[in-house]
Amino acid sequence: MTMQKRRKIAVLGTRSVGKSSLVKQFVENEFPQSYYPTIEKAYVKVIVHNGQEYACEIYDTAGQDEYTQLKVHHAMGFHGYVFVYSITSRPSFDLIQIVYDKLLDFSGNTELPCVIVGTKSDLHYNRQVDMLDGKALAAANNAAFTEASSKNNVNVARAFELCIDEIEKRLAVTQGAGNAPDHRCVTM
Ligand SMILES: Nc1nc2c(ncn2[C@@H]2O[C@H](COP(=O)(O)OP(=O)(O)OP(=O)(O)O)[C@@H](O)[C@H]2O)c(=O)[nH]1
């Protein structure tokens with residue numbers, strides 16, 4: 001196996017969509033029973049993906065809304081992003097493009113290595129967002145997409161693996177073009 005790669009990932013989305021539950025299920029293999037609003041918390045998990053070891057540094061953020069200013073205290077670059085909405089909340093879905101566009105404005109990039117994740121897929125009887133809408137949003141932004149249930153641990157690891165794939169795809173291009181080896185898309 002080659003040397004471990006460190007990849008820094010931010011998890012974004014509006015309040016209560018399931019960001020912390022997704023991260024906790026991925027990193028600690030548990031689904032928290034109670035809801036505590038997140039201020040901001042960092043986690044590390046080492047995974048092997050496609051034969052490569054990755055130390056994933058995952059930043060679980062406080063929920064955003066359309067008025068949230070991107071904070072300068074996120075003052076380090078992220079390699080990639082996990083944008084989270086809940087399939088039970090149309091407003092949480094509509095916010096994804098707003099936050100994505102703010103990040104583009106902030107960074108001056110034309111696209112971001114990211115995955116869009118529709119959480120709470122176990123609550124399909126309360127669905128407000130069709131899976132096809134999720135796929136279309138991802139396609140429009142050249143992003144990966146999955147639905148997931150942190151409660152049932154469905155597609156949770158896949159969400160982060162898709163994010164790593166998006167990061168590696170971009171890095172392969174920039175490195176191929178002779179740019180710095182650890183080029184990051186955004187410095188907030
Ligand atoms: N049924 C179900 N409930 C979920 C799932 N993921 C999260 N929840 C519930 O949704 C609520 C919010 O979950 P959190 O993970 O705290 O959401 P968050 O996005 O981190 O919230 P903020 O920290 O306020 O931004 C909690 O009551 C969770 O138990 C899921 O996959 N299925």
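**View 1. Contacts of V115 in the predicted model**. Leaving aside neighbours within four places in sequence, V115 is in contact with V82, A143, A144, F145, T146, A159, L162, C163 and E166. V115 is also among the residues with the most contacts inside the largest nonpolar core, a group that includes V82, A159 and C163 as well.

**View 2. The largest nonpolar core.** This core has 43 residues. Those with the most contacts inside it are V82, F83, V115, I116, A159 and C163. Helix α4 (residues 156-176) supplies the largest share of the core, 8 residues. In the protein chain, which has 188 residues, buried residues make up 40%.

**View 3. The open sheet.** Six strands form an open sheet in the order β2-β3-β1-β5-β6-β7, and their pairing is mixed. β2 (40-49) and β7 (144-147) each have a single partner strand and stand at the edges, so one side of each is left without a neighbour in the sheet. With direction ignored, neighbouring strands of this sheet are turned by 25 degrees against each other on average.

**View 4. Strands β1 and β5.** Strand β1 (residues 5-12) and strand β5 (residues 80-86) run parallel and are joined by 4 bridges. I9 has G80 in β5 as its bridge partner. Strands of a sheet pair through backbone hydrogen bonds, and the pairing is either parallel or antiparallel.

**View 5. Helices packed on the sheet.** Helix α1 packs on the sheet and touches β1, β2, β3 (52-61), β5 and β6 (114-119). The direction of α1 makes about 150 degrees with that of β3. Helix α2 (residues 90-107) also packs on the sheet, where it touches β1, β5 and β6. The direction of α2 makes about 155 degrees with that of β5.

**View 6. The shell around the ligand.** The ligand is surrounded by 19 residues, and the closest are G18, S20, S21, T38 and G63. Helix α1 (residues 19-28) gives the largest share of this shell, 3 residues. By type, the shell divides into 9 polar, 5 nonpolar and 5 charged residues.

**View 7. Elements along the protein chain.** The protein chain has 4 helices and 8 strands. From the N terminus on, these elements run β-α-β-β-β-β-α-β-α-β-α-β. Of the contacts between residues at least 6 apart in sequence, 72% join residues at least 24 apart.

Terms used: Residues numbered from 1 in each chain as written. Predicted model: local features only at pLDDT ≥ 70, side-chain atom pairs only at ≥ 80, totals over all residues. Near = placed C-beta within 6 Å. Helix = DSSP H or I, 4+ residues; strand = E, 2+ residues; numbered from the N terminus. Nonpolar A, V, L, I, M, F, W, Y, C, P; charged D, E, K, R; others polar. Core = buried A, V, L, I, M, F, W, Y, C linked by C-beta atoms within 7 Å. Buried ≥ 20, exposed ≤ 12 C-beta atoms within 10 Å, placed from the backbone. Contact = placed C-beta atoms within 7 Å. Pairing = 2+ DSSP bridges. Axes fitted to C-alpha atoms, helices over the stretch in contact; angles between N-to-C directions.
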